[in-house]
Amino acid sequence: MSKDTLWGHPKGLYILFFTEMWERFSFYGMRAILALYLTAKSRETDNPGLGWDDASALELYGWYTMMVYVMSVPGGLLADRLLGQKKSVLLGGFLLCVGHLILAYDALWAFYTGLVFIVLGVGALKPNISSMVGGLYRTGDPRRDTAFTIFYIGINIGAFSAPLLVGYLGEVINWHYGFGLAGIGMALGQVVYLFGQKHLKDVGNFIPHQLKPGTNERVKLTKVEKDRLIVMFISFAVVIVFWGAYEQAGGLMNLYAKEKIDREVMGFTVPASFLQSLHAFFVILIGGPMAYFWVWWRQRGKESSSLFKMGLGTIITGTGFVLLAGAALETMETADGKAAIWWMFGAYLLHVVGELSISPVALSFITKLSPAKYVSFMMGAYFLVTGLGNKLAGLVGEAAQEAGELTIFISVFAFCALFGLLLIIFVKKLKKLTHGADDVRDEKAVVEPE
Ligand code: PHE
């Protein structure tokens, strides 16, 4: 292992941490105001939006958030076949800088063009930077899970600050200043990545399936590899349901907060976009304690496999929707038809407990289970299902316009509980299919490569 370490982890981890922190700053900053910009009145206002109705806005929002992650599949292939992960991240970062800066320009063509660049940029950057985190560690290295938790906290520092800064600038002053600030964030990420290259010498260079004219490589998987792929695909079904619930945040829950939540707190009207920070805020707050909790849990000999965590997390996320159902009931009783803001706090907190049991766990799980030559591809596939989950979230939001929020919130809870339980029931069987890849071999040992 490289001696280039800081606080027990390779320095490269911190470079990836800050790059992704800024990338997520730009992404979540822009995302926090997207649905609000689309639905803001287009006339008679100082800060005109596009004046769309909620359903159309949620539809575009759903397509956009789906496409950013779906593009991770070609993004993974790009790394696998042409550029390697490291250069793909560089290219993605460049596309993102361009995309966000185009959005700062106030014209409809610029809006759509900017979105396309962002979709392509996230596709090239996000799955590959995540694989690079895994690539810093050798097989069985117990630091890998912690590394993903650290990386995840970086993501959320960006995701926390962006809705506050970009949200305020965009929602309160001018949407396009908000978009511009998101672009500046991304540019900083690119600078960190460029200057940090010396700490990333040994990672992300490998091009497992380099395209060579005239060769036609066949996929030959061993039985163990096949089993592992199967178990990953099964876990993906649950992951779709989880993101379909969780990602209501920027769409339906964002518009719900704007329209049906009493946002007066101590004489100050909290902009709806501010609530978009809550997820990330809670991740930063409880990310560390939860990682410790799982170590403690494992040391007590309790079930702590990745699959179990994913199942449990899905159920817990679902319970957040029970609180939202409570809010929906309250809106039926209050004179102004609005519910207290605390429902949102509670729901977002439960979502995050769920998220931390699933998302960093799944990322690490994939880098453990995939054969080295398929890591980029599997990461792309994981992001694909995340994208489908985002689209599902958009569809659920659209359905709420007809069915009413109460019905929708209760149904989301029921789905999460069902899928989570199913995964937990089959945990033992599925674990066998991992053939030990998910096991921590020795808490302290530095494990040699296979
Ligand atoms: N908050 C996470 C992030 O932005 C959500 C996510 C996880 C998105 C994994 C895609 C894939 O990174």
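**Entry 1: Asp 4 and Lys 11**

I looked up Asp 4 and found that it is partly exposed at 22% relative accessibility, where partly exposed lies between buried, under 20% relative accessible area, and exposed, over 50%, with a 1.4 Å probe and protein chains only. Its side chain meets that of Lys 11 in a salt bridge of 3.5 Å, N to O, the term standing for a side-chain nitrogen of Lys or Arg within 4 Å of a carboxyl oxygen of Asp or Glu. Lys 11 is partly exposed as well, at 29%.

I noted that this is a predicted model, in which local features need pLDDT of at least 70 and side-chain atom pairs count only at pLDDT 80 or more, while totals for chains, interfaces and linings use all residues. Residues are numbered from 1 along each chain as its sequence is written, and side-chain values use heavy atoms, with hydrogens and water left out.

**Entry 2: other salt bridges**

I found 11 salt bridges in the structure. In one of them, the side chains of Arg 31 and Glu 247 meet at 2.7 Å, N to O. Arg 31 belongs to helix H1 (residues 11–39) and Glu 247 to the loop between H7 and helix H8 (252–260), so this pair ties together parts that are 216 residues apart in sequence. For the numbering, helices are DSSP runs (H or I, at least four residues) counted from the N terminus. Arg 31 is buried at 5%, and Glu 247 is buried at 4%.

I then turned to Asp 438, whose salt bridge with Lys 368 has its closest N and O atoms 2.9 Å apart. Since Asp 438 lies in the segment after H14 and Lys 368 in helix H11, the pair ties together parts 70 residues apart in sequence. I also saw Glu 20, Glu 23, Arg 24 and Lys 126 linked in a network of salt bridges.

**Entry 3: helices H7 and H11**

I checked how helix H7 (residues 223–246) packs with helix H11 (residues 342–369), and the angle is about 155°, with the axes 11 Å apart. That makes H7 roughly antiparallel to H11, a term for angles over 145 degrees.

**Entry 4: a surface patch**

Phe 426 sits in the loop between helix H13 (405–425) and helix H14 (427–433), and Phe 426 is partly exposed at 40%.

Key
Helices (H or I, at least four residues) and strands (E, at least two) are DSSP runs, numbered from the N terminus. Axes are lines fitted to C-alpha atoms, for helices over the stretch in contact, and angles run from 0 to 180 degrees between N-to-C directions. Angles under 35 degrees count as roughly parallel, over 145 as roughly antiparallel, 65 to 115 as roughly perpendicular and the rest as oblique.
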